[in-house]
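Biologist: I am new to this structure. Please show me how to read it, one feature at a time.

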Amino acid sequence: MEKFAPVTRSEDGQPVRYLIVDDSVFARKNLARMVETFGGQVIGEAGDGVSAISEYERLTPDIVLMDITMPQTEGIEAAEKIVRDHPTARIVMVSSVGYQENIVAALQRGARHFVQKPVKAEVLYEVIKYVMRDDSAAQGAGAGV
Amino acid sequence: MRMELIQPFINSADAVLAELLESPVAIEKLTMEEEAYRRQGIAAEVCLSGEIEGRIIFDADRAAAAQLASRLAGAEVSATDEESVREAVCELANQIIGNAVTTLNDQGFHFHVRPPALHTSEQGSKSSEDTEALVMGFNTSSGNLFMNMALRYHRRRASERAVVAGHNS
């Protein structure tokens, strides 16, 4: 797998900490392998939306990679609940079902970005960089006001 | 079954498999199935509900499934590692069917997809008058893959839409 320049947290230069949410163990393993090549650290995994919410509370990761189609609570609903309680949560939806209505619903409910499966490492890498930079840029702009 | 329902699945399977295998994929056969579906190897089933409803079974013979799992994982997956191979087939079904569902939704069909489930029974349900099953056979560099689609338009929803359209006119 291709090697990427590490993406780190702007505040302390530490590795980005990920929570990976997907009902497929196989997909979780693949995403974990991918984010490790970005210098990231997988601190937790969940197989459905309900576990994702509790794991977020417990671990407060820097980024959540969240599938949409899952048993029980689906990804968009879980993202909405997480963002309602943690407005700064960075959630990236990762799903094979990427129709416009779904993407809009995810973004309206607080997701920061959407990546369609099959996931290309270089696409996910750019999205992660963007989402991590997004906050530091916003904080920088805020500090100047 | 209308071509507008079938084409997105052919396109999606072609795109996802060709990219994964880095080689062209050919449709070897396209037949209407009248008898109950007979599983070929390791199979995953995805159910749809909404304006289009039914099920799609994605099926790979065992050797092909192990090779696909290795490609998908980016590392060797042994054919004896049944759990990983089954997981890989489910994930591949999810990607192929999910991409086709995306196209159909963007064309204006609204329906919901359930997560893939392993299809373990030797035979699937028989097709019926209003749920024709279409079997597509794909010839790939990893072996043979099959997709069995039994989909139909939701009649009640179609008639509801006609009523709404009548009220609005």
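Biologist: How much area do chain A and chain B bury between them?

Modeller: Buried area is the accessible area (1.4 Å probe) that two parts lose on being put together, summed over both. Here chain A and chain B bury about 1,800 Å² between them, 52% of it on carbon and sulfur atoms. A:Phe26, A:Tyr99 and A:Pro118 supply 34% of the area that chain A buries against chain B, more than any other three residues. A word on the source: this is a predicted model, where local features need pLDDT of at least 70 and side-chain atom pairs count only at pLDDT 80 or more, while totals for chains, interfaces and linings use all residues. Residues are numbered from 1 along each chain as written, chains are lettered from A and ligands numbered from 1 in the order written, and side-chain values use heavy atoms, without hydrogens and water.

Biologist: How many residues does the contact take from chain A and from chain B?

Modeller: Contact means heavy atoms within 4.5 Å. Chain A gives 22 residues and chain B gives 23 residues.

Biologist: How many salt bridges does the rule find across the interface?

Modeller: A salt bridge puts a side-chain nitrogen of Lys or Arg within 4 Å of a carboxyl oxygen of Asp or Glu. The rule finds two across this interface. In a salt bridge, A:Lys117 meets B:Glu91 (3.1 Å, N to O).

Biologist: Which helix gives the most to the side of chain A that touches chain B?

Modeller: Helices (H or I, at least four residues) and strands (E, at least two) are DSSP runs, numbered from the N terminus. H1(A) gives the most to that side of chain A, with six residues.

Biologist: At what angle do the axes of H1(A) and H2 of chain B cross?

Modeller: Two packed helices are described by the angle and the distance between their axes. Axes are lines fitted to C-alpha atoms, for helices over the stretch in contact; angles run from 0 to 180 degrees between N-to-C directions. The axes of H1(A) and helix H2 (residues 62–73) of chain B cross at roughly 35° and come within 10 Å. In H1(A), A:Phe26, A:Asn30 and A:Arg33 meet B:Ala69, B:Leu72 and B:Ala73 in H2(B).

Biologist: What is the strand order in the open sheet of chain A?

Modeller: Two strands pair if DSSP finds at least two bridges between them. In chain A, five strands run E2-E1-E3-E4-E5, with parallel pairing. Strands E2 (41–46) and E5 (113–116) are the edges, each pairing on one side only. The twist averages 20° from one strand to the next.
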